[in-house]
Amino acid sequence: MERTVPPHETAPSAPGALPVSDVPGPSGTPPVSDVPGLLDGMPRQRGLRETAATGVREPVPGGVHRLHVLRGAAAAPRLRALRPWRLLPTPTGTPFTFGYATLLCLTSLISAHADPALVHALLQGSSTDVAHLVRSPGPVLIGSALWVAGGMTSPFTIAFVLVLTALERRIGSLRTAGVFLLGHVLATLATEVPVGLAVLAGHLPGSSLHRLDYGVSFGVAAGIGALAGLLPLRLRLPLLAAFGSMLLQDLLAFTDPMTNWGHLIALGIGIATWPVVRRRRATGLGPAGH
C-alpha cells in the first residue's frame, strides 16, 4: 500500500539529506520548525527567532534590517529640519553672510564707542546722498553698506542674519551677494535720482542733496523678496503679507518717505529675481550647509 506523507513531514529530496524544516540555523541555532510563529522555507525570518537556550533576540538580517534603514532615511529630513543652529551663519556653510555679519559687528562697535564727531564724519562720508553719488558713486555705495542704522539690535539687523543665512544655504554665496547688492544699489539709485531731478527742477531745496543715507535695509528687503520665492506657498504668502504691510505702514506714517519707498522698491527687486534663484535651486547646486 502506498504511504501518504503527513502534512507536517517533508520528504528528503536526496538520500542522506535533511528535511528543510530540520536544517539547523546559523551558529547552531535550532531549526525554524522548532520556533513557534515562524514559517518553514522562509530563511529571512531566522533573525527574528529567539534561541531556546538563552532567549536572546539575534540581529535581524535581510529585509527587516533594510526596513529599519529605510525608516531611518525617511526620518533624516525631519531631524535636519529640527536643527536650530542652521538659522545662524557659519564660516563654511554661509561664508558671505558670516563674513558680512562680522564686519557689521565691528562697524557697530565703532559707532557705539568711538568719538561722536569721528562717527558722524565716517557716516557722512559713506552717505549715498545725491552729492556723494555724483562725485564718487562706487565708494559710497560700498561704504554705505558697511554701517547699520539703529545698531545691531535693530529689526533689519536681525533680519539680515536670518534671511541671508537662509538664502545663502539655498542658492549659494555668489548669488546671495548678487541679490543683496542688486537691491542695495538699484533701490538707492531709484530713490536718490528723483531727489536730484527734483532739486534741479526747483521742487526741492538744495539741502536735499546732502541727506544722511546709509545702512543695509535695502539689501535685506531684496533678500526677503528673493527668499519668499523659494518657500512653499503656505509660508511665502504670510511672509510677503507681513513684511509688505509693515513697509506700507511706515510709508503712510510719512516719517522718511524716500527710505520707505526704497524698501518697497527693494522688495520688488527681490521678487523679480525669482526666475534666477529658483533655477539655481532646481539645479541642486547650492551649498549643502553645515
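**View 1. Burial of Tyr100.** Tyr100 counts as buried because its relative accessibility is 11% (buried: under 20% relative accessible area; exposed: over 50%; partly exposed: in between; 1.4 Å probe, protein chains only). This is a predicted model, in which local features need pLDDT of at least 70, side-chain atom pairs count only at pLDDT 80 or more, and totals for chains, interfaces and linings use all residues. Residues are numbered from 1 along each chain as its sequence is written, and side-chain values use heavy atoms, with hydrogens and water left out.

**View 2. Aromatic pairs of Tyr100.** The ring centres of Tyr100 and Phe160 lie 5.0 Å apart with planes at 80 degrees, so this pair is edge-to-face (rings of Phe, Tyr and Trp, the last by its six-membered ring, pair if their centres lie within 6.5 Å; planes under 30 degrees apart are stacked, over 60 edge-to-face, the rest tilted). Tyr100 belongs to helix H2 and Phe160 to helix H6, 60 residues apart (helices are DSSP runs of H or I with at least four residues, numbered from the N terminus). Phe160 is buried, at 1% relative accessibility. Phe96 and Tyr100 are also edge-to-face, with centres 5.7 Å apart and planes at 70 degrees. Together with Phe180, the residues Phe96, Tyr100 and Phe160 form one aromatic cluster.

**View 3. Contact of helices H2 and H6.** Residues of H2, including Tyr100 and Leu104, meet residues of H6, among them Phe160 and Leu164 (contact: heavy atoms within 4.5 Å). By class, this contact of H2 with H6 has eight nonpolar, two polar and one charged residues (Ala, Val, Leu, Ile, Met, Phe, Trp, Tyr, Cys and Pro are nonpolar; Asp, Glu, Lys and Arg are charged; the others, Gly among them, are polar).

Methods:
Helices (H or I, at least four residues) and strands (E, at least two) are DSSP runs, numbered from the N terminus.
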